[in-house]
Amino acid sequence: MNFRIRNLIMLLFVSLMACTPARNITHNSQQAHEAFLEGDYRQALSLYEPMIRRSRDQGQPAEDLVVKRAGLAAWQLGETTKALEYLEVARHSPQAGPETFAALARAYRQVDNLSREITNLEQYLELAPEGPEKETFRKRLFITYVESRNWQPALELGASLDAAARSNEDIMDGYFQINKNLEIEAQATSWALELLKKNQNHTGALRWLAEKHYRLAENRYQAETRAYEQNRTNRQYAQLLEAFEILNTDFRISLSYFLRLYQLQPSQAVAGYIANIYTRFNDKEKAAHYNRLAGR
């Protein structure tokens, strides 16, 4: 009788010991989730990580929600590398949700990985087109498309941005870059003018407008001069003078932009343009000065 009792006690003890780790895991999981939901991310992460390591040591994947929340907690704590490690695993699970992709997008922006930032911005907007981050992420995705020279997707997304977004200088610059690179000249010019209203020192807009008016003036100058050389009549001369009045206006507009641009970003190329305009105005002294600055 005593022998049987002793065996039963031993079996019961072994059984209880076997159940203890499982109970501890369950208890720790509950504590971790409670800490996470209460915003105590340091405590949550300190409980999640041993659970993840234990699963890995046993050759088993950790619970999806544990990995996801470990990544989100790490992100909240500013531990970007750790957040990326866990969230890259979580993004493939059914538990991922928009918040995972939002954190991944921000984390990849922080480590300057543009292509992965774009991927996660797109994933967030696909999963949560009306989510709380939609406006912020749509604007950011537009800018990332511009930065990565994805002009057509940027153009399509830009068409749906609201008026508030369109008044932001970075967004306006994006529209300018898109139209310039897609050679939609009228729209590029329109956005350049809008940018200068927002920021009179926007060098890209200054250069675009300066070069545009210079081309208009110089091309007409060359065409009218050739026409007069081929037909030296009083009528043709009168037409030449009339054309000079118009093209000189374009030269003056171009000069005003180039002079402002040169103050902001001195360069031999810009100095060369200025010298050419002063040559057309027959201002030999200023033309010589800017020719020297142009290295001529």
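I began with Asn 282, which counts as exposed at 58% relative accessibility. The model is predicted. Asn 282 sits in the loop between helix H14 (268-280) and helix H15 (284-293). I looked up its backbone: phi of Asn 282 is near 60°, positive in a residue other than glycine. For reference, most residues other than glycine have a negative phi.

I then went to Arg 149, also not a glycine, with a positive phi of about 65°. Arg 149 lies in the loop between helix H7 (134-147) and helix H8 (151-158). I noted a relative accessible area of 55% for Arg 149; the cut-off for exposed is over 50%, so Arg 149 is exposed.

Next, the core. The largest nonpolar core holds 79 residues, and Phe 142, Phe 258 and Ile 274 have the most contacts inside it. I listed the contacts of Phe 142, leaving aside neighbours within four places in sequence: Ala 154, Leu 157, Gly 158, Leu 161, Ile 171, Gly 174, Tyr 175 and Ile 178.

I turned to the largest pocket, whose volume is about 180 Å³. Its lining has 13 residues, with Leu 72, Trp 75, Gln 76, Glu 99 and Ala 103 nearest the centre. Helix H3 (64-76) and helix H5 (97-110) are the elements that give two or more residues to this lining. H5 provides the largest share, five residues. By type I recorded nine nonpolar, one polar and three charged residues in the lining.

Last, confidence. The chain averages a pLDDT of 89, and 85% of the residues score at least 70. Over residues 16-20 the pLDDT is below 50, and this stretch has one contact in the model beyond near neighbours in sequence. Where pLDDT is low, the predicted coordinates should not be read in detail.

Definitions and conventions
Residues are numbered from 1 along each chain as its sequence is written. This is a predicted model: local features need pLDDT of at least 70, side-chain atom pairs count only at pLDDT 80 or more; totals for chains, interfaces and linings use all residues. Side-chain values use heavy atoms; hydrogens and water are left out. pLDDT is the predictor's confidence in each residue, from 0 to 100. Contact means heavy atoms within 4.5 Å. On a 1 Å grid over the protein atoms alone, a cavity is a set of points where a 1.4 Å probe fits but cannot get out, and a pocket is an open set with protein on both sides within 12 Å along at least five of seven lines; lining residues have an atom within 4 Å of a point. Grid points are joined across faces, edges and corners, and a volume is the space filled by probe spheres set on the points. Helices (H or I, at least four residues) and strands (E, at least two) are DSSP runs, numbered from the N terminus. Ala, Val, Leu, Ile, Met, Phe, Trp, Tyr, Cys and Pro count as nonpolar, Asp, Glu, Lys and Arg as charged, and the others, Gly among them, as polar. A nonpolar core is a set of buried Ala, Val, Leu, Ile, Met, Phe, Trp, Tyr and Cys residues joined through side-chain atoms within 4.5 Å. Buried means under 20% relative accessible area, exposed over 50%, partly exposed in between (1.4 Å probe, protein chains only).
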